Amino acid sequence: MNKQTRNTLILALALLLLLAGAWAITGGGADSAQIQAPEASDGATAPTELLPGLYASVEQHGQEPLLLPLWEDTVILLHDTEEAFNIVCVQDGTVFVADANCGDLTCVKMGAMQTRGDFIACLPHGLFVYVVEVTA
Amino acid sequence: MSTKKTVHLGLLTALAMILSYVESLIPVFTTVPGMKLGLPNLAVVTVLYLYSWKEALGVSAVRILGVGILFGNFFSLAFSLAGGLFSLLVMTLVKKTKLLNCTGVSMVGGIAHNAGQIAIATVLVENARIAYYFIPLAVTGLAAGILVGLLSGLMVKRLQKIAPRL
């Protein structure tokens with residue numbers, strides 16, 4: 001085995017180990033997809049209080065996320081510009097993009113997501129949807 | 001540029017474009033965004049080894065522009081360009097170090113391609129969370145890069161005999 005082949009083998013193994021390690025540490029992003037529910041003040045239940053459970057966090061161009069509870073079926077229409085749209089659906093505990101006019105339709109093809117940390121991205125429209133867990 | 005060289009580069013560009021199309025027909029790689037075999041890179045790596053980074057840049061750019069105009073849109077074109085150019089830059093630098101063989105260079109190129117695309121994706125959705133996706137993507141990029149590198153190595157070996165440096 002010559003030196004270049006040996007180096008390549010070593011690098012391939014090192015990179016695999018590094019990626020496996022990074023995956024183990026971050027849990028593929030699932031570990032950080034968690035939000036602590038804000039405590040209700042003076043025992044009063046605020047109308048905007050977040051119940052514990054799984055939510056779809058819908059964000060467009062890094063704006064304030066819209067949290068949709070996965071246990072409530074919903075359909076929302078999002079407009080990036082006047083023409084650009086995505087239809088985000090929550091159904092049976094899953095979230096998916098039902099339709100869009102982004103061209104490649106990667107967001108629609110990605111299908112339904114239901115596990116914490118899973119995401120759907122529509123890059124042409126700057127849309128990012130991911131499953132987040134709110135804990136009590 | 002000699003006629004012979006023009007013909008060779010033209011053929012390899014055509015090969016890269018056909019491989020782009022073939023790749024787009026494999027269903028699993030269209031539903032998992034960014035996950036690709038990187039077959040067109042076979043032609044790019046081969047040109048990088050037979051000629052230089054300049055010719056590889058030409059083949060890669062013509063391939064991306066051609067495929068983008070034929071089958072894609074402005075967005076997919078810009079996205080491919082980011083991955084393709086960053087990958088070629090990294091491969092050229094790694095090749096210059098002479099530390100890795102053809103397979104290694106292609107492997108690093110595969111990961112660089114994913115890195116370039118994730119970087120663009122992060123900018124577009126303005127959310128750094130998408131970077132987590134780099135990990136599974138890089139594993140496939142690494143595997144695909146090795147496969148493409150092995151094949152390119154074989155191609156370079158054979159083509160060098162009939163197409164000495166022009």
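Modeller: Look at β4(A) and β5 (residues 85-91) of chain A, in this predicted model. The two strands pair in the antiparallel sense, over six bridges.

Biologist: Which residue in β5(A) is the bridge partner of Ile76(A)?

Modeller: Val88(A) is the bridge partner of Ile76(A).

Biologist: What order do the strands of the open sheet come in?

Modeller: The order is β4-β5-β6 in chain A. That makes an open sheet of three strands, with antiparallel pairing.

Biologist: Which strands stand at the edges?

Modeller: β4 (74-79) and β6 (94-100) of chain A do. Each has a single partner strand, so one side of each lacks a neighbour in the sheet.

Biologist: And the twist, what does it average from one strand to the next?

Modeller: It averages 25 degrees.

Biologist: New topic, the two chains. How many residues are in contact?

Modeller: 36 residues of chain A touch 30 residues of chain B.

Biologist: What area is buried between them?

Modeller: About 2,700 Å². Carbon and sulfur atoms give 71% of that area.

Biologist: How many salt bridges are there between chain A and chain B?

Modeller: The count is zero. Polar contacts do turn up: the rule finds seven residue pairs across the interface, both residues at pLDDT 80 or more.

Biologist: Which element gives the largest share of chain A's side?

Modeller: α1(A), with 13 residues.

Biologist: And by class, what is on that side?

Modeller: The side of chain A that touches chain B has 18 nonpolar, 14 polar and four charged residues.

Note on methods: Residues numbered from 1 in each chain as written. Chains lettered and ligands numbered in written order. Predicted model: local features only at pLDDT ≥ 70, side-chain atom pairs only at ≥ 80, totals over all residues. Heavy atoms only, no water. Contact = heavy atoms within 4.5 Å. Buried area = accessible area lost by both parts, 1.4 Å probe. Salt bridge = Lys/Arg side-chain N within 4 Å of Asp/Glu carboxyl O. Polar contact = N/O pair within 3.5 Å; in protein donor to acceptor, adjacent residues only side chain to side chain. Helix = DSSP H or I, 4+ residues; strand = E, 2+ residues; numbered from the N terminus. Nonpolar A, V, L, I, M, F, W, Y, C, P; charged D, E, K, R; others polar. Pairing = 2+ DSSP bridges. Axes fitted to C-alpha atoms, helices over the stretch in contact; angles between N-to-C directions.
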